[in-house]
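Please read them with the coordinates open.

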Amino acid sequence: MKKVFICLIALAMMVICFSAINSYGSGNIDLTVGTSVSDIDLTALSNSGYEVIDDTNAGLVYGWPYDLGSRPTSDKAYGGSVAWNLGQVSGVITYEFEGSYLAVVFAENFWAAEVVITVDNVEVGSYTPHNPEAPKEAPGDSKIIFTKDDLSDGTHTVKISHRTAHLSGEDNIKADGNPYYDNDAFFDCLIVKKAVVSTELTVGSNIKQYDDALINSMGLKIIDDSDSSINYGWPYTLGWDKPTSNNAYGGTVASSLGQVSATFSYEFEGSYIALVYAENYWAAEVVISIDGVEVGSYIPHNPDAPKEAPGKCKVIFIKDDLSDGKHTLVVTYRVAHTSGDDNIKADGNAYYDNDSFFDCLIVKQPAAPTEVTVGSNIKQYDDQLLKDWGLKVIDSNDSNIVYTFPYDLGSRPESNKAYGGSVAWNLGQVVATISYEFEGPYVAVVFAENFWAAEIIVSVDGTELGSYTPFNSEAPREAPGNSVVVFVKDNLSNGKHTLTVSHKTAYTSGEDNIKADGNPYYDNDAFFDCLIVKDVVEQEPTAAPTAAPTAAPTAAPTAAPTQSPDDVPNVDTGDTDMIFTYMFIIVIVGIIMYSIKRYEKKEQ
């Protein structure tokens, strides 16, 4: 009997030890209604796969008056503050999340309004966080007021609204003499299960779930709306169409200002392209064409999204089976009628659904360039890369470049697509020339593309070596487009050379280019950006070294060997604690085994 008793004790002690291991590092993750958020172990919560969405999270969409930004501070709130509805039960909050779990946290208060929780347009619960001991018109303790753990997997939208409550028993009469009863709400946070971000982009994917590292790991890269390679048409070109948005990839979106005549284009290379737009209420239809063929359209309407402002930014189009090589994307718009509203403006006219908020493009990550090639964009070569190749850029404003009329008049159109932010314009005069003396076997010439592009003639040491017409049908007229390499020569003799750039009238555009004087000038514009030459480093003469007298060698004192700091093993404190836990278990088991053997000896 005693033997059985000892075995039971041993078994109980082992269960206790293993229970200690299982609970190692875990804290309170009690997520029941009524739990104070300050009592939850946030580290344990995160380790268990949950995520707290604070009241300041950019993904939350606040309706009036929540959107006024009233943020009372509270040391009992998750992030130190709460969002106040200013006593207006019309205030709403929406949030889109993924997964099967949702918890809602509000601060208790005296005049607490009823909080109504709707998921995917279905009311799933309500709660009134009234506490007779809580402050009036100020947040008290923040507590979980609602949980739901049986939602289907996938994307859901929670909507939080309010109803006037009558739990306090007070009329809550304000300065205007009217009773408002219980109408205050102080939103603290949501708790959701961490979404497992897919390693594949799909239509409907929220761009904020994908950072650059994840996108790059897919072999892709993001082209933000502010990228200089995007060619915008009116009214994008007005320059005041960049609403800020925490939901956007780069913090801004490009607004079409409600003009469905707006358009933009982008040249890219590779088999893949995706478009990202912000959802909005009066969303126009986005029409996507590639290489002159319409390949798709999408209306990023969301009935819960804001009007005339960007909502969540999502992928609306993906094309992954294009041929390798260069392509041109063109985006246009059509009026939609999805919202069901007439969208009547101040002029009394109905505009229906005509808004669009472009966020970014996603394209195939190009292979890193290994050399400068004709037709390539200068923006893909940074100074460090060129330096690694032994090259350097001579910008158009370099004082050693010799310009003739009318280049010498100093016309410098600005361009964020140019190497140095501006280009030199020939003012449509093909008699203009450029010359530059350089040293070494290498020279490349860079001009900006444009619609009425003149032919560029490149000569070195008096010999014509090549020509190029930087025409692009999508480029602007009388303004610079993308800056591209138009000429490369890498096998000149060593020594000094003289480069000369001249021009000829071209006829590539097919237009007469008739000016105010009534005369046709055809294609005569040139916008010079920069040169690329060999980075020749002049060696300074060095004096012959002077031999220093040598002294008899002396034995160095022998020091005790020391261990490099890098060789010291780095033991994580968590690992150390676990080691001690296992050692404790081993000791306990040893004691148990020793006790059993002692008992067996006594029985013999």
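1. How do the residues of the lining of the largest cavity divide into nonpolar, polar and charged? The model is a predicted one, and in it this lining has 1 nonpolar, 3 polar and 3 charged residues. The residues concerned are Thr 118, Asp 120, Asn 121, Thr 157, Val 158, Lys 159 and Asp 304. Strand 9, residues 155-163, supplies the largest share of them, with 3 residues. The space in the largest cavity comes to about 40 Å³, and the count of cavities of 30 Å³ or more is 1.

2. The largest pocket has a volume of about 950 Å³. Its lining is made up of 32 residues, and those nearest the centre are Lys 221, Glu 269, Pro 366, Asn 377 and Gln 380. Two or more lining residues come from each of strand 11 (220-224), strand 14 (264-269), strand 19 (326-334) and strand 20 (357-364). Strand 14 contributes the most, namely 4 residues. Sorted by class, the lining of the largest pocket holds 11 nonpolar, 12 polar and 9 charged residues.

3. Strand 14 is joined to strand 19 by 6 bridges, and the two run antiparallel. Within this pairing, Glu 267 has Thr 328 of strand 19 as its bridge partner.

4. Strand 16, residues 285-290, is likewise antiparallel to strand 19 and joined to it by 6 bridges. Val 287 stands opposite Thr 332 of strand 19, and Ser 289 stands opposite Val 330 of strand 19.

5. Which residues of strand 19 make up its covered face, and which its uncovered one? The covered face consists of His 327, Leu 329, Val 331 and Tyr 333. On the uncovered face are Lys 326, Thr 328, Val 330, Thr 332 and Arg 334.

6. Strand 24, residues 434-439, can be read in the same way. Ile 434, Tyr 436 and Phe 438 form its covered face, while Ser 435, Glu 437 and Glu 439 form the uncovered one. Strand 22 (residues 402-403) runs antiparallel to strand 24 and is joined to it by 2 bridges; here Tyr 403 has Ile 434 as its bridge partner. Strand 29 (residues 496-504) pairs with strand 24 over 6 bridges, again in the antiparallel sense, and His 497 of strand 29 stands opposite Phe 438.

7. Is Ser 245 buried or exposed? Ser 245 is buried, because its relative accessible area is 7%, and the cut-off for buried is under 20%. This residue sits in the loop between strand 12 (231-232) and strand 13 (254-255). Leaving aside residues up to four places away in sequence, Ser 245 touches Gly 251, Thr 252, Pro 310 and Gly 311.

8. Gly 390 is also a loop residue, placed between helix 4 (383-388) and strand 21 (391-395). Gly 390 counts as partly exposed because its relative accessibility is 22%, and partly exposed begins where buried, under 20%, ends. With residues up to four places away in sequence left out, the contacts of Gly 390 are Val 533, Lys 534 and Asp 535. Gly 390 also lies 8.1 Å from Val 536, C-alpha to C-alpha, although 146 residues separate the two in sequence.

9. How many disulfides does the structure hold? The number is 0. A disulfide is a covalent bond between the sulfur atoms of two cysteines. As for individual cysteines, Cys 189 is buried, since its relative accessible area is 0%. Cys 530 is buried too, with a relative accessible area of 0%.

How values were computed:
Residues are numbered from 1 along each chain as its sequence is written. This is a predicted model: local features need pLDDT of at least 70, side-chain atom pairs count only at pLDDT 80 or more; totals for chains, interfaces and linings use all residues. Side-chain values use heavy atoms; hydrogens and water are left out. A disulfide is a pair of cysteine sulfur atoms within 2.5 Å. Buried means under 20% relative accessible area, exposed over 50%, partly exposed in between (1.4 Å probe, protein chains only). On a 1 Å grid over the protein atoms alone, a cavity is a set of points where a 1.4 Å probe fits but cannot get out, and a pocket is an open set with protein on both sides within 12 Å along at least five of seven lines; lining residues have an atom within 4 Å of a point. Grid points are joined across faces, edges and corners, and a volume is the space filled by probe spheres set on the points. Ala, Val, Leu, Ile, Met, Phe, Trp, Tyr, Cys and Pro count as nonpolar, Asp, Glu, Lys and Arg as charged, and the others, Gly among them, as polar. Two strands pair if DSSP finds at least two bridges between them. Contact means heavy atoms within 4.5 Å.
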